[in-house]
Amino acid sequence: MAETLPAPHAVVNGEPYPLDAPVPVTDLVARLVPGSVVDGVPQGVAVALDDAVVPRGAWESTTVGPGARVEVVTAVQGG
Amino acid sequence: MSGVLTIAGVELGSRLVMGTGGAPSLLALEDALVASGTELTTVAMRRVARPTPGAAAGDTSMWGLLDRLGIRALPNTAGCFSVREAVLTAQLAREACGTDWVKLEVIADDVTLLPEPLGLVEAAEELVRDGFTVLPYCGDDPIVARRLEDVGCAAVMPLGAPIGSGLGILNPRNIEAIAAAASVPVILDAGIGTASDAALAMELGCDGVLLATAVTRAVDPVQMARAMRLAVEAGHLAVGAGRIPRRERALASSSPEGRLDLAL
């Protein structure tokens, strides 16, 4: 029966992201964009969790669990 | 020196605002930005790319580029079709870029790419209330521009022609009317094709010009960036100099007095 259930996951930038247990936003971003967190300070990256911005100061205390929708964005060429 | 452009109390040494879309590479973009003399440049907010082992930082270096050149970043909400999307994108940009300045775009559809005026005013009002310095990209309707100013925008940025069209300024009288009525800076945004368009924008009373495609997709972007810099400066100087009135008939520039009286 376990095989028929989908593995627990979040949706990160529109793609399934396997997650067994909740992880802090900081860890998720560090895994996703390795160079973007220097000395614990995010560089040029912002995060929305379920359509609400997670302020930088709350990255450690906010966790992303299975079922969450996460957007991780950065500045690119445009406009 | 063409003077400074002051937006929300911040003095910028150039009246040319640059966009960064369409450049073939960051290196080409860097040279063009330097040649343009700009001190304010737009960036878009997009999902970070999935990490690929051994790859360079990729587009995150856009951030580093502006930082290195000492250019203030103006995040935009390009690609947003609703108020909600635009507001969330602006909030993400504030976090990512560490600035509360935003070039607000609420686009009606992906064919015309024209601003959707009702959503634009609504989003502008919400962002102003949230502490943003809002520079809205709008149509050339003087009444929409007035509403945007009423809700507290720090500038208004009417289009000359559709984004990327290079058609110049299709409705110069409206641009002139917007510039004459506004008490915030007016920056002509979109439609510029070549240097004379930028000079005309300034002559119509605009305080600055924002352009991207005209430079980034020019055959020689660096040379076009320099042309735009000079054109904006020339147009601004011409306004300050006070142009001659237009006349129906010719007016001799040489005095008839002392003219030769030849029996020919």
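User: In the hairpin of β6(A) and β7(A), which residue takes a positive phi?

Analyst: This is a predicted model, and in it the hairpin of β6(A) and β7(A) has two residues between its strands, with Asp50(A) taking a positive phi near 50°. The strands on either side, β6(A) and β7 (residues 52-54) of chain A, pair in the antiparallel sense over three bridges, and within that pairing Leu49(A) has Ala52(A) as its bridge partner in β7(A).

User: Which strand does β6(A) join through five bridges, and in what sense do the two run?

Analyst: Those five bridges join β6(A) to β9(A), and the two strands run antiparallel; the partner of Val45(A) in β9(A) is Thr74(A).

User: How should I read the two faces of β6(A): are its residues buried or exposed?

Analyst: Burial is read here as under 20% relative accessible area. By that criterion five of the five residues of β6 (residues 45-49) of chain A are buried. Val45(A), Val47(A) and Leu49(A) point one way while Ala46(A) and Ala48(A) point the other way, and all of them are buried.

User: Which strand of chain B does β9(A) pair with?

Analyst: Strand β9 (residues 69-76) of chain A is joined by four bridges to β4(B), and this pair runs antiparallel. Within it, Val76(A) stands opposite Ala44(B).

User: How is the size of such an interface expressed, and how much area do chain B and chain A bury between them?

Analyst: An interface is often sized by the accessible area that is lost when the parts come together. For chain B and chain A this comes to about 2,500 Å², of which 59% lies on carbon and sulfur atoms, and the contact draws 32 residues from chain B and 29 residues from chain A.

User: How many salt bridges and polar contacts cross it, and which elements of chain B take part in the contact?

Analyst: Three salt bridges are found across the interface, including one between Glu95(B) and Arg56(A), whose closest N and O atoms are 3.9 Å apart; the residue pairs in polar contact, both at pLDDT 80 or more, number 11. On the side of chain B that touches chain A, α1 (26-36), β4 (40-47), α2 (61-69) and α3 (83-97) each supply at least two residues. The largest share, seven residues, comes from α3(B), and the residues of this side divide into 16 nonpolar, 10 polar and six charged.

User: What covers the buried residues of α1(B)?

Analyst: The buried residues of α1(B), among them Leu29(B), Glu30(B) and Leu33(B), have a cover that includes β3 (16-18), β4, α2, α8 (213-216) and α9 (221-241) of chain B. Just after this helix, Gly37(B) takes a positive phi of about 75°.

Definitions and conventions: Residues are numbered from 1 along each chain as its sequence is written. Chains are lettered from A and ligands numbered from 1 in the order in which they are written. This is a predicted model: local features need pLDDT of at least 70, side-chain atom pairs count only at pLDDT 80 or more; totals for chains, interfaces and linings use all residues. Side-chain values use heavy atoms; hydrogens and water are left out. Contact means heavy atoms within 4.5 Å. Buried area is the accessible area (1.4 Å probe) that two parts lose on being put together, summed over both. A salt bridge is a side-chain nitrogen of Lys or Arg within 4 Å of a carboxyl oxygen of Asp or Glu. A polar contact is a pair of N or O atoms within 3.5 Å; within protein, one must be able to donate a hydrogen and the other to accept it, and residues adjacent in sequence count only if both atoms are side-chain atoms. Ala, Val, Leu, Ile, Met, Phe, Trp, Tyr, Cys and Pro count as nonpolar, Asp, Glu, Lys and Arg as charged, and the others, Gly among them, as polar. Two strands pair if DSSP finds at least two bridges between them. Buried means under 20% relative accessible area, exposed over 50%, partly exposed in between (1.4 Å probe, protein chains only).
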